[in-house]
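Look over the sequence and the fold before reading on.

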Amino acid sequence: MGCWTVRHLLDTGVWLRAVNEPQTIPKSAFRLLQAPREMFGLAAISLWEVGKKVQSGKLYLPKDLPGWFAEAVAANIELLGITPDVVANAIHLPAFPNRDPADELIVATARVHKLTLLTTDTKLKDYPHAHVHYFKPILRTNT
């Protein structure tokens, strides 16, 4: 009973929203992310994606990267590494909808670990070769 099971994998965008912009997550998805005793997987490549966005100036964080990681990789997140199985799966994804190697590794991580990918990426929402839970983010309005 005391064992928490990882059932969902956060894509990089969902993880960023959950930490930095929770108001952009619809209520139903937010309830899932806040559920007690719920563990989430996070592909290790997501750390690199965030770091590269910060490095390129496309993402600004409220603190330095190591400090942000210390808070953003919460107790209910299990980092899932890039293993030989994940790489082999990523290389053989059938009819993958984009050419983003990070997305390939994230989807392959979900497939290898038999997790449902939580994403806001419209290119992945209908991908039939993985379990995907897509939600449309709530966009901010300038009022």
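## Contacts of Tyr127

The model is predicted. Start with Tyr127. Beyond its neighbours within four places in sequence, Tyr127 contacts Leu93, Pro94, Ala95, Phe96 and Pro97, as well as Val107 and Val132.

In soluble globular proteins, nonpolar side chains tend to be buried together. Here, the largest nonpolar core has 21 residues. Those touching the most other members are Leu9, Ile45, Phe96, Ile106, Val107, Leu117 and Tyr127. Strand 1 (6-10), strand 2 (39-43), helix 5 (84-91) and helix 6 (101-112) each give two or more residues to this core. Helix 6 supplies the largest share, six residues.

A second core is separate and holds 18 residues. Leu32, Leu33, Leu61 and Phe135 are among them.

## Helix 3 against helix 6

Two packed helices are described by the angle between their axes and the distance between the axes. For helix 3 (residues 45-56) and helix 6, the angle is about 155 degrees and the axes lie 10 Å apart. Angles over 145 degrees count as roughly antiparallel. Helix 3 and helix 6 are therefore roughly antiparallel. Their crossing is left-handed.

Which residues make the contact? Helix 3 uses Ile45, Ser46 and Glu49, while helix 6 uses Ala102, Leu105 and Ile106. By class, the contact has four nonpolar residues, one polar and one charged. Ile45 and Ile106, both part of this contact, are also among the residues that touch the most other members of the largest core.

Notes. Residues are numbered from 1 along each chain as its sequence is written. This is a predicted model: local features need pLDDT of at least 70, side-chain atom pairs count only at pLDDT 80 or more; totals for chains, interfaces and linings use all residues. Side-chain values use heavy atoms; hydrogens and water are left out. A nonpolar core is a set of buried Ala, Val, Leu, Ile, Met, Phe, Trp, Tyr and Cys residues joined through side-chain atoms within 4.5 Å. Buried means under 20% relative accessible area, exposed over 50%, partly exposed in between (1.4 Å probe, protein chains only). Helices (H or I, at least four residues) and strands (E, at least two) are DSSP runs, numbered from the N terminus. Contact means heavy atoms within 4.5 Å. Axes are lines fitted to C-alpha atoms, for helices over the stretch in contact, and angles run from 0 to 180 degrees between N-to-C directions. Angles under 35 degrees count as roughly parallel, over 145 as roughly antiparallel, 65 to 115 as roughly perpendicular and the rest as oblique. A crossing is left-handed if the near helix is turned anticlockwise from the far one by less than a right angle, and right-handed if clockwise. Ala, Val, Leu, Ile, Met, Phe, Trp, Tyr, Cys and Pro count as nonpolar, Asp, Glu, Lys and Arg as charged, and the others, Gly among them, as polar.
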